[in-house]
Amino acid sequence: MGVVIVGIIATLAIPSFKGYVYRARVNEAVGMLNEIKSRQETYRAKYGQYAAVSGTGEWTTATFNPATIPGKDAVPWPTTAEWEALGVTPPGPVRFQYATIAGGPQDAPPASSNMLEGDFWFAAQARGDLDGDGDEVTFEVYSQSSRMYNSAAGRGGYE
C-alpha cells in the first residue's frame, strides 16, 4: 500500500518539479533580454544608434553567443569585444545563446518582428534547449515593443 501511495505522489510531483526547473532556467533568458534591452537604450542615448553586436538583418545571419545552444547544462559565457561595448555580461554560466541585431532607418528589421521600417531599431533573441531533448525555445524583445515574445507560447508552455 505504501509503495502505491509513493508511486502516486511521485507521478504527481515529477511534472510539477520539472515545471519549476524550466521556469527557473527561463528566468535567465528573461533577465538577460531585459538587460540587453536596457543597455541598448543606454547605448542609443549615448551614440545615437543601437549596437549591432550580432549583425544586422535576419536571425539567420546573426552571430550568437555562445556559438551553439548549451543544452540542459550551463556553459561559460565567451565574452567578446562587441558584448563588452554594449556592457552586457551574465552573472555566471548560461543555458541560452544570445544575439542582438540592430539597424538604422535604411536597414530592414527582421521580417518576423513586425517592427516599422524607417527608424533605428534593435532585436534581441535568446535560444535554448531546457532539457537537452533538441526541442528549442526562443524568446525575443524588440526596440519598438515593451513585450517579450516566447516561441512556445502557442503550444502552452516553454517547449
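This is a predicted model: local features need pLDDT of at least 70, side-chain atom pairs count only at pLDDT 80 or more; totals for chains, interfaces and linings use all residues.
Residues are numbered from 1 along each chain as its sequence is written, and side-chain values use heavy atoms, with hydrogens and water left out.

**Exercise 1.** Classify the ring pair of phenylalanine 96 and phenylalanine 139.

*Solution.* Start with the rule: rings of Phe, Tyr and Trp (its six-membered ring) pair if their centres lie within 6.5 Å, and planes under 30 degrees apart are stacked, over 60 edge-to-face, the rest tilted. A search of the whole structure turns up eight aromatic pairs. For phenylalanine 96 and phenylalanine 139, the centres are 6.1 Å apart and the planes at 65°, so call it edge-to-face. Both residues are buried (under 20% relative accessible area, 1.4 Å probe, protein chains only). Zooming out, ring pairs link Phe96 and Phe139 with Trp77, Trp83 and Tyr98 into a cluster.

**Exercise 2.** Find what sits over the ring of phenylalanine 64.

*Solution.* The test wants NZ of Lys or CZ of Arg within 6 Å of the ring centre and within 35 degrees of the ring normal.

**Exercise 3.** Work out how strand 1 and strand 2 pair.

*Solution.* Strands are DSSP runs of E, at least two residues, numbered from the N terminus; two of them pair if DSSP finds at least two bridges between them. Strand 1 and strand 2 (residues 121–128) have eight, in the antiparallel sense. One spot to check: glycine 103 stands opposite tryptophan 121.

Terms used:
Buried means under 20% relative accessible area, exposed over 50%, partly exposed in between (1.4 Å probe, protein chains only). Helices (H or I, at least four residues) and strands (E, at least two) are DSSP runs, numbered from the N terminus.
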